[in-house]
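Morning, everyone. Please look at the screen while I talk you through today's protein.

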Amino acid sequence: MTTKLKGGIGVLAEHLRDLFLDAAGEVRYRTKVEQILVEDAHVTGVRLKDGEVITAPIVVSNLAPETTLLDLVGAEKLPSSLVTRLGGRDHRASFMQIHFALDGLPEYAAPYDFLNEPGMQMSVGMFGSPEEQQRQWEKARGGEVPDNPALSIQMPTVGDPEMAPPGKHAASVYAYGFPIEAPRDQHGHLKSVMAERVVDKITRYAPNFKDILIRDITFAPYHMNTMFGAPNGDFCHGLLQPELMGPNRPGPKGFLDEPIPIEGLYLGGAGCHGGPGITFIPGYNAGYQVLADAGR
């Protein structure tokens, strides 16, 4: 059984923020950490981009493990074996995200018209065969937009109509295989091309889709990099490939066979065990590890 949050996932984030503020926590928005400060293998705090230093005996990072350790801590403070291990993570499988405001529900044509039954449109995936997926991946690797991008379309308003005005709907699409290895100055154009192909693909299966489209906004991988520090826009911080599963995915204190040699530093992002996806497991593990180390 799948449980959905009334009001969307942002409601849960707001709830957690309010709990933190009620416990005398402080949240700073649009504040960039430039360096995690370490002395004698112990965390002492962070330095912000504007030069301000915030002292703290504990730092928990939800950024990608290599961003936290290589960029913010610094490779010179880590064993060379750990630096090598972190440097090999692959972030080329980047997604593009599109949000749609719709004047009604898509109407799927046969043989997929069963998707028009109540509740069926909450989450729909459009994927090809393994061979087709490989072909699309190779096009993206060559700097081209996939001509048949695999995608997932989610419509939270199907299960929670109060999220949109009466008769209207919201949809989000994750499309796979943005050509991130193309020159950066081409990404804006490639984003537009890929968004158009996504809309065309959905319309092939739901012919009224273009007619009910009110407006849309597209986020390419470089947006994810700018907004969330996601390497190459990979908000999964490393997909679930064999080399990034089980003991090859770090926990709060690093890898099982190679812990982070810095006291007070914890990892809690999607690149850790329990991620990717909205599982809360990496943050849960980090929080309880902090409490355990503090004797609580």
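I'll cover a sheet, the helices on it, and then the cysteines.

Keep in mind that this is a predicted model.

Start with the sheet. Strands of a sheet pair through backbone hydrogen bonds, either parallel or antiparallel. Here the pairing is antiparallel. Five strands form an open sheet, and their order is S6-S7-S8-S5-S9. Which strands sit at the edges? They are S6, residues 123–126, and S9, residues 213–219. Each of these pairs on one side only. From one strand to the next, the twist averages 15°.

Now zoom in on S5, residues 95–102. Six bridges join S5 to S9, and the two run antiparallel.

Next, the helices. H5 covers residues 187–205 and packs on the sheet. H5 touches S5, S6, S7, S8 and S9. Its direction makes about 60° with that of S5. Then there is H7, residues 221–228. H7 lies across S5 and S9, and runs at about 65° to S9.

Last, the cysteines. A disulfide is a covalent bond between the sulfur atoms of two cysteines.

Terms used
Residues are numbered from 1 along each chain as its sequence is written. This is a predicted model: local features need pLDDT of at least 70, side-chain atom pairs count only at pLDDT 80 or more; totals for chains, interfaces and linings use all residues. Side-chain values use heavy atoms; hydrogens and water are left out. Two strands pair if DSSP finds at least two bridges between them. Helices (H or I, at least four residues) and strands (E, at least two) are DSSP runs, numbered from the N terminus. Axes are lines fitted to C-alpha atoms, for helices over the stretch in contact, and angles run from 0 to 180 degrees between N-to-C directions. Contact means heavy atoms within 4.5 Å.
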